[in-house]
Amino acid sequence: MKVVKTIVELKEQVKRAKSEGKSIGLVPTMGYLHEGHLTLADTARQDNDLVIMSIFVNPTQFGPNEDFESYPRDLERDCKLAETVGVDIIFAPSVEEMYPTDGGIYIRAGRQAEILCGASRPGHFDGVLQVVAKLFHLSEPNRAYFGQKDAQQVAIIQTMVRDYNFPLEIRTVPIVREVDGLAKSSRNVYLTEQERKEAPAIFESLQIAKEEYLASRKVEKAKELAKKHIEDKTTGKIDYFEFLSYPDLKPITNETRDFLLATAVYIGKTRLIDNIIFHTKG
Ligand code: AMP
C-alpha cells in the first residue's frame, strides 16, 4: 500500500493504472477509520483493480463553530486498518495541497441541500461537493463509494454526478452499526460513557417511526412517537426528525414508495446522525 500526499504523485499513479487498463474505485473519507469505512473499501476492493482511499478532513465542509480542529485524526492507525482490507493507495493531502488558491469559484448544492443537515449546517454540502468534485478529477475513478449513513450526502452527490456528467458510478453501502444499533461514526469517540449508553435510542427511534408509519400511515404520529422515545431515553436535543421521499428528498405524498427517515440529535455536544431507508409497494 502506498501513502501519497501530493496531487502530482496521485496523478502519476492514476495515469499508470489507466495505461494498464485497470479500473479504479475511490473511497473518500475524513479518516479515523472504523468498520463503516472499511466496508466501503472492502466493497471497492471486490469491484475494482485499484482502490484509492482519500483521507482528508475537509475544512470547507465545516462551519465556523464546528469541530474541524478537534475532529479525530490518526493517519498511522488509519493506514494499518486500510491495509487490512486491501486498499492500494491512501491519498492524504494537506489542506494547502488541496486548496492552494481561492479563485472565488464554488459549487453550490441545490434544493436537496436546503433541508435536514443542510438546514442546520449552512454551506456544508457546498464544501462536500467541492472536495468530492476535486477527488473525482484527481483519481478518475470508475466507481466511487459512499455510505448510506450520510444518505442526504449521497443523494446530493448523485445529482452532481448526473447533472455535471461525471463519468463514474456511485455505489452506496449500507450503514454499519455497533451491536447495540448505534451507527458507527468517527464522532462516537466524543461521547462520554453515559452519553454512549443513551445513543442507541437514536436508531431505536427510527425503527419506532418506521413501524408506526407502516401500521398507521400517519407521518406526524410516527414522528411524535419517535421523538418521544429520544426525549425519554436520552438527555439529547433533537435537531431534526424527518420523513421524506428518497432520493429526491421531497415531502411524502400518497404516491411515495421510497422513504428516508432521518434524524440528527445532539447527545451532549456531539451531533449524531442516523437514518433508515425503506420501500413500500403501495
Ligand atoms: P466520513 O469519514 O465520516 O466523512 O465518512 C466517509 C464515508 O464513510 C462516507 O461515505 C460515509 O457515509 C461512510 N460512512 C461513515 N460511517 C459509516 C457507517 N457507519 N456505515 C457505512 N458507511 C459509513
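Helix H6 passes helix H7 in a right-handed crossing, a crossing being left-handed if the near helix is turned anticlockwise from the far one by less than a right angle, and right-handed if clockwise. Helices (H or I, at least four residues) and strands (E, at least two) are DSSP runs, numbered from the N terminus. The model is predicted, so local features need pLDDT of at least 70 and side-chain atom pairs count only at pLDDT 80 or more, while totals for chains, interfaces and linings use all residues. Residues are numbered from 1 along each chain as its sequence is written, and side-chain values use heavy atoms, with hydrogens and water left out.

Two packed helices are described by the angle between their axes and the distance between the axes. For H6 (residues 124–139) and H7 (residues 151–163), the axes come within 11 Å and cross at roughly 55 degrees. Here axes are lines fitted to C-alpha atoms, for helices over the stretch in contact, and angles run from 0 to 180 degrees between N-to-C directions. H6 is therefore oblique to H7; angles under 35 degrees count as roughly parallel, over 145 as roughly antiparallel, 65 to 115 as roughly perpendicular and the rest as oblique. On the H6 side, the contact (heavy atoms within 4.5 Å) involves Phe125, Val128, Leu129, Val132, Ala133 and Phe136. The residues of this contact comprise 10 nonpolar, 2 polar and no charged, where Ala, Val, Leu, Ile, Met, Phe, Trp, Tyr, Cys and Pro count as nonpolar, Asp, Glu, Lys and Arg as charged, and the others, Gly among them, as polar.

A second pair is formed by H9 (residues 201–216) and H10 (residues 219–233), which pack at about 155 degrees with axes 8 Å apart. H9 and H10 are therefore roughly antiparallel, and their crossing is right-handed. Their contact has 9 nonpolar, 2 polar and 4 charged residues.

Arg111, Leu116 and Lys149 supply 28% of the area that domain 1 buries against domain 2, more than any other three residues.

Leu116 lies in helix H5 (residues 116–120) and has a positive phi, near 45 degrees. Tyr246 and Pro247 are joined by a cis peptide bond, with omega about 10 degrees.

Key. Buried area is the accessible area (1.4 Å probe) that two parts lose on being put together, summed over both.
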